[in-house]
Amino acid sequence: MIPTFIVYIYDPLDTAKQERAIAITDQLIRSGKAVISTQVLGEFFMATTRTRRLLLTPTEALVRMRNYLAACHVVDITRLISLEAIRGVETHHFGFWDAQIWATARLNQIEEIYTEDFASGATVEGVLFTNPFID
């Protein structure tokens with residue numbers, strides 16, 4: 001599953017992270033294993049178009065979002081995902097938005113999430129967290 005690390009694709013400040021994000025995203029899309037949630041698409045738009053550090057114009061971000069919608073399997077946030085995210089907050093002490101990403105993966109049998117927001121290599125109820133920037 002691809003969380004918001006895709007923002008690095010459009011961020012020239014850290015070229016190593018940018019190159020790694022491009023390579024991983026490309027590999028996942030080419031292999032047919034790219035999964036993205038509607039939550040992540042919304043977070044992507046906000047992160048790339050915020051005015052204090054504009055990475056993309058809103059029009060450019062929307063084009064990229066359409067591309068991800070076409071290239072990735074898209075998972076909608078449902079009532080059950082929200083309930084599972086609440087359980088993730090209560091049981092595992094995740095922040096809510098991170099819990100919702102975890103719940104989305106868990107309930108859709110997605111085994112791995114690429115993210116910087118969890119300890120790399122940690123597995124929580126069958127979901128592996130991999131920091132894409134650690135070798």
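Modeller: Ala, Val, Leu, Ile, Met, Phe, Trp, Tyr, Cys and Pro count as nonpolar, Asp, Glu, Lys and Arg as charged, and the others, Gly among them, as polar. By these classes, five nonpolar, three polar and three charged residues line the largest pocket. The model is predicted, with pLDDT of at least 70 required for local features and 80 or more for side-chain atom pairs, whereas totals for chains, interfaces and linings use all residues. Numbering runs from 1 along each chain, and side-chain values use heavy atoms, without hydrogens or water.

Colleague: Which element gives the largest share of that lining?

Modeller: Helix H1 (15-31) supplies three residues, the largest share. The lining includes Gln27, Leu28 and Lys33.

Colleague: How many aromatic pairs are there, and why is that of Phe96 and Trp97 called edge-to-face?

Modeller: There are ten. Ring centres must lie within 6.5 Å, and planes over 60 degrees apart count as edge-to-face, under 30 as stacked and the rest as tilted. For Phe96 and Trp97, the centres are 5.3 Å apart and the planes 75° apart, so the pair is edge-to-face.

Colleague: Why is Phe96 called partly exposed, and Trp97 exposed?

Modeller: Relative accessible area under 20% is buried, over 50% exposed, and in between partly exposed (1.4 Å probe, protein chains only). Phe96 has 32%, and therefore counts as partly exposed; Trp97, at 53%, is therefore exposed.

Colleague: What makes the pair of Phe118 and Phe129 stacked?

Modeller: Their planes are 15° apart and their centres 3.9 Å apart, so the pair is stacked. Both residues are buried.

Conventions
Phe/Tyr/Trp six-rings, centres within 6.5 Å; stacked < 30°, edge-to-face > 60°. 1 Å grid on protein atoms, 1.4 Å probe; cavity = no way out; pocket = protein on both sides within 12 Å on 5 of 7 lines; lining within 4 Å. Helix = DSSP H or I, 4+ residues; strand = E, 2+ residues; numbered from the N terminus.
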